[in-house]
Amino acid sequence: MKRIGIVLFICLLTGMANGQSADKDTRMKWWREARFGMFIHWGVYAQWGGVYHGHQQARGGAEWIMNRSKIPVTEYQERAKSFNPVKYDPDAWVKMAKDAGMKYIIITSKHHDGFALFKSNASKWNVADATVYGKDLLKPLADACRKYGMKLGFYYSQAQDWNNPGGSAARKEMREGWPNPDSAKIDAYTLAHKGHWDPAQETKTFDQYINDVAVPQVKEILSNYGDIAVLWWDTPTNMTDEAAQKLQDVLKLQPNIITNDRLKRPNFRGDTKTPEQKIPTQAELDGQDWETCMTMNGSWGYKSWDHNWKPTETLIRNLVDIASKGGNYLLNIGPKDDGSVPEESIERLAQIGKWMKVNSSAVYATQASPLQDLSWGRCTMKPSGANTVLNLFVFDWPKDGKLVVPGLSNKVISAVQLDGNKPVKARNQNGTVVIDLPATAPDAIASVIRLQVKGAVENVNTKGGKKMKTGELD
């Protein structure tokens, strides 16, 4: 008992040192039940739309245009003066997310270009002081989130900052931006200057940037907008443990906040892993909380010429696949510089919402599938007292009308087609459950059969042996 008490005490101290509640399960409860959230990448980079000097940005998301095209600080800030998102409607944004079935929103309070979407006393490079718009963009969004019961989180670029002096810069070669005739000279300069391309970026040290900009701004976003559910760090370029600890200490302002694994590796693990633009395989799942962030086209920030939009079928099946593995899906929108959302994003979110109205109960507050891979779809699980509910998502409707669930020996209690709550016949035949289905699928993308079986279902999915890839946003 004495040893247990010591261990508990150490855990409590660790939680306090991290500036978070000691009870991680309590903090994570809503997040684990949510399964679906909205990422918003927005800033003055939307003014460029992925085009510089008439050239389409050669590589990467449009939010990286300043770095990849090596836009001088003065030129970038001069254009930002005309940033005027008169069509910004935070109420409509939050309602759109809610109608899509999303439970939380993460917005880029400050991306790598250092531009703050909020009024900041730590740097004039913010929407209130550096643009004609002149107003804080986060406060009305926070108000709308409270109105609709939506959890709000902030993305914050803690290390990279291409406008505030002293911030770091990941080195990208000139060929990733536009065909600048001085490419060789610029590449040599960035190699010698740790990724920086403008002398104005190096008039202060990294420590000065952390102390004078990053730490004060994180205090501002955690103090001025009510309850903040998530702090989404990105990226740890040239980050030090000392700087990371200063930022970690600020989290005490929001004791229940959830953080990701991008503050500083490996000593600041956060609460969630962050695979990017990919869904982990079963072999990569290690029992830790994770969240796949993904774009609807090929860019996080608004890119005027990127029309490679994922079909709604892909987005819904991604959500189902992620839920079936116990993860969350953070799906991105990139608003335009006037504050409007691309119509393609609006249409897809509405279509997802229509599907979620029927099937969301098979997504929210579910656990990963205990079954072997299913050739025809996916599965999520919910304990139901002493019994188990298996939500079977059917992508490929059986032509012979018989859905076969292999490796399931539990006795069947009931089976229901979720759309219309229609009972269907199900039986166990020598360790395989067979369900009789109507000739036509109720939904062409994913139809759900809710199967309740007696007792607990044996989990055949063991802890993965591979490392989950958690890349950086680009």
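Reader: Is the crossing of α11 and α12 left-handed or right-handed?
Author: This is a predicted model, and the answer is read from its coordinates. In it, helix α11 covers residues 312-324 and helix α12 covers residues 343-359, and the two pack with their axes 10 Å apart. The handedness of the crossing of α11 and α12 is right-handed.

Reader: Which word describes α11 relative to α12: parallel, perpendicular or oblique?
Author: Two packed helices are described by the angle between their axes and the distance between the axes. For α11 and α12 the packing angle is about 50°. Because angles from 65 to 115 degrees count as roughly perpendicular and those under 35 degrees as roughly parallel, α11 is to α12 oblique.

Reader: How many charged residues does the contact of α11 with α12 have?
Author: On the α11 side the residues are Thr312, Leu315, Ile316, Leu319 and Val320, and they meet Arg348, Gln351, Ile352, Trp355 and Met356 in α12. Sorted by class, this contact has seven nonpolar residues and two polar ones, and the number of charged residues is one.

Reader: At what angle to β10 does α11 run?
Author: Helix α11 also lies across two strands, β10 and β11, the latter spanning 387-394. Relative to β10, the helix α11 runs at about 45°.

Reader: Which strands stand at the edges of the open sheet of five strands?
Author: The five strands of this open sheet follow the order β10-β11-β17-β13-β14, with antiparallel pairing. Each edge strand has a single partner, so one side of it is left without a neighbour in the sheet. The strands placed this way are β10 (377-384) and β14 (422-423).

Reader: What is the bridge partner of Gln417 in β17?
Author: Strand β13, residues 412-417, runs antiparallel to strand β17, residues 447-453, and five bridges join them. In β17, the partner of Gln417 is Ile449.

Reader: What is the average twist from one strand to the next in the open sheet of three strands?
Author: This sheet has the order β12-β16-β15, and its pairing is antiparallel. Strands β12 (402-405) and β15 (426-428) stand at its edges. From one strand to the next, the twist averages 20°.

Key. Residues numbered from 1 in each chain as written. Predicted model: local features only at pLDDT ≥ 70, side-chain atom pairs only at ≥ 80, totals over all residues. Heavy atoms only, no water. Axes fitted to C-alpha atoms, helices over the stretch in contact; angles between N-to-C directions. Helix = DSSP H or I, 4+ residues; strand = E, 2+ residues; numbered from the N terminus. Parallel < 35°, antiparallel > 145°, perpendicular 65-115°, else oblique. Left-handed = near helix turned anticlockwise from the far one by under 90°. Contact = heavy atoms within 4.5 Å. Nonpolar A, V, L, I, M, F, W, Y, C, P; charged D, E, K, R; others polar. Pairing = 2+ DSSP bridges.
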